[in-house]
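Welcome! Please take a moment with the sequence and the 3D view below before reading on.

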Amino acid sequence: MAYLEGKNLVASYGVVPILHECSVEVEKGELAVIVGPNGAGKSTVMRVLLGMLNATSGSVTLDGKDISMLSTQDRISHGLAFVPQTKNVFPSMTVEENLQMGGFIRQDDINETIEEVYALFPILYDKRKQLAEQLSGGQRQQVAFGRAMMTKPSIMLLDEPTAGVSPIVMDEIFSNILDVRNAGMAVLMVEQNAQQALNIADKGYVLVSGRNEHTGTGKELINNPEVRKKFLGG
Amino acid sequence: MTSDSIDIINAFALLTNFVLLPALSYGSQLALGALAVTLVYSVLRFSNFAQGDSMAFGTMIVILLTGFMISRGWTISGIPTALLVIPIAIVFTSMYLLTMDRLIYRHYRKIKAKSITIVMSSIGVMFVTGGIVRFVLGATAQKFEDGERFIFSIREFKAYTGLEQGIAFKTSQFLTITIAFLLVAFVFYFLQKTKTGKAMRAYSDNKELALLSGIDPDKMVQITWLLVGALTTIAGALYGLDKGFAPQQYHLLLLPIFASVIVGGIGSPIGAIAGAFLVAFSEILLTYAYKKFLIYLLPLSMHPSSLVQLIGTEYKYAISFVILVIVLLIKPTGLFKGKVIVDE
């Protein structure tokens, strides 16, 4: 059984069905990527895994334990962390306060983790007293990333981390993600830039209309002619 | 008084007594109320129309407890008994506000109602709260101040300084300004420095991300009502000590309080306080009769015969209205760059 597993997830917003028996899984030290067209339910998978949306059927297990019935907060304290695509910082709070809020549920000393985040993103140390809303898009993304790392999670969920950033910043963000994976964390991300994402992914899921259309390693999917034609622009 | 000399010192003593001190204490009372409205708006996302009547509720508890304490003879000479019972009154008022939240507002939060829907329900709470207060205490005005009335009286001031124009510093004014200052300092310290206060700001900033950070929304809502209960009770009690208690008067306080919040910038705590003093000073400066002040300053030939009052006191609420309209027309975000109310 994989470290985090979402199995046969069915979910809907009101009466609109979004996911139909969709399954994803990710191991520790592995980067899994979910790609697919708009409206395929990519972000919904994340919301179900996090308990922000209840699945009508299917199960979510973490390290073999069923966490389907847990609240979002409980899942966070069990080691899940999430970086939303938008609104992923506290805009009127300083960088440092953003990180402190990330570590809100921890009872122990969080300063060491804050130092680790500063070591990973040195620019944040220089800007630690600045409000998050005053930062550039890339820097804000780093704050969002740092905030999520404050709980010392074992698995990180990322919703389109490179949306709206320049190609240079995108490379930087991907390299940060690989650092996190290499440190032994499980990473599951939804990504629009399918080509680049599958290039660095250990595992990929192509989702279409809430169903698993293709599954394989990143390389397999890139080399799959059907995936290439439909989703990677030839 | 009839002398021809220009008397600046007496003129400003007059102004201190009739404008500066009253406006400072009125401003402090409004500031606490405005801060409560700002907290509710920031955390719970609605404009609380029940604020004025909640202040009446808090004051009602203070009055009842004060009466009880005096009847038992449990008083400390020189100190207003109301001051002693405020902590207990805060507990009662907070419990009342939390009950209202549990019965009414929570439902609308759960179904993610539009902000305007919750505002309308707060108008309902306003009427119910006002009704409870009138049912318990009646609609007539009453005073509940005991203890030493003055820090120094006009006579003491005159004897000490030898000035013709005296200044009285009422105990209620002294208490209002001091307590308001301490309370505001506490609220700012709480919001800026403590973990819970920061979590409240985080929750106000971005609810979903707060949830993802493990911040308990229910707890944030409860702490907000506790703070609001404290601000509301203290603001109401201080206003009542200063000017006496009348349910209708408290109900009408809503207007200057909202004006303060909007002038300062909705959702900005510092703006709410600045706005409160702006409204208080405008109200008192515009309704004060300057005749005596000008007599001190002008030579005999130029002494005014009229009262030199810009606006009659009966129109003082119109001033809040006018300030509101001007701000909304010219600078809707207020002095401190608050939010413009839009329904999400």
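What follows is a short tour of the two chains, grouped by topic.

This is a predicted model, in which local features need pLDDT of at least 70, side-chain atom pairs count only at pLDDT 80 or more, and totals for chains, interfaces and linings use all residues. Residues are numbered from 1 along each chain as its sequence is written, while chains are lettered from A and ligands numbered from 1 in the order in which they are written.

**Chain B as a whole**

- Chain B has 14 helices and two strands; helices (H or I, at least four residues) and strands (E, at least two) are DSSP runs, numbered from the N terminus.
- With a radius of gyration of 22 Å, close to the 20 Å that the globule rule gives for 344 residues, chain B is as compact as a globular protein of that length. The radius is taken over C-alpha atoms, and the rule is 2.2 Å times the number of residues to the power 0.38.
- The C-alpha trace of chain B spans about 75 × 55 × 40 Å along its principal axes.
- Of the 344 residues of chain B, 46% count as buried. A residue is buried if 20 or more other C-beta atoms, placed from the backbone, lie within 10 Å of its own, exposed if 12 or fewer, and partly exposed in between.
- Among contacts in chain B with a separation of 6 or more, 76% come from residues 24 or more positions apart. Two residues are in contact if their C-beta atoms, placed from the backbone, lie within 7 Å.

**Helix α1 of chain B**

- The 37 residues of helix α1 (residues 8-44) of chain B should span 54 Å at 1.5 Å a residue, and its end C-alpha atoms are 50 Å apart, which agrees. The expected span is 1.5 Å times one less than the number of residues.
- A kink of about 45° in α1(B) is centred on B:T16; the bend at a residue is the angle between axes fitted to the seven residues ending there and the seven starting there.
- After α1(B) comes B:R45, with a positive phi near 65°.

**Strands of chain A**

- An open sheet of four strands in chain A has the order β2-β1-β4-β5, with antiparallel pairing. Two strands pair if DSSP finds at least two bridges between them.
- The edge strands, each pairing on one side only, are β2 (16-26) and β5 (65-66) of chain A.
- Two bridges link β4 (residues 57-62) of chain A to β5(A) in the antiparallel sense, and A:T61 stands opposite A:D66.
- Strand β6 (residues 80-83) of chain A runs parallel to β7 (residues 155-159) of chain A, joined by four bridges; here A:A81 stands opposite A:M156.
- Both faces of β6(A) are covered, with A:L80 and A:F82 buried on one side and A:A81 and A:V83 buried on the other.

**Positive phi in two loops**

- Most residues other than glycine have a negative phi.
- A:K87, not a glycine, has a positive phi of about 45°. A:K87 lies in the loop between β6 and α3 of chain A and counts as partly exposed, with 13 C-beta neighbours inside 10 Å.
- B:V308 has a positive phi near 55°. B:V308 sits in the loop between α13 (291-297) and α14 (316-330) of chain B, and is partly exposed, with 14 other C-beta atoms within 10 Å.

**Where the chains meet**

- The contact takes 18 residues from chain A and 14 residues from chain B.
- On the side of chain A that touches chain B, α2 (72-77) and α3 (95-102) of chain A each supply at least two residues.
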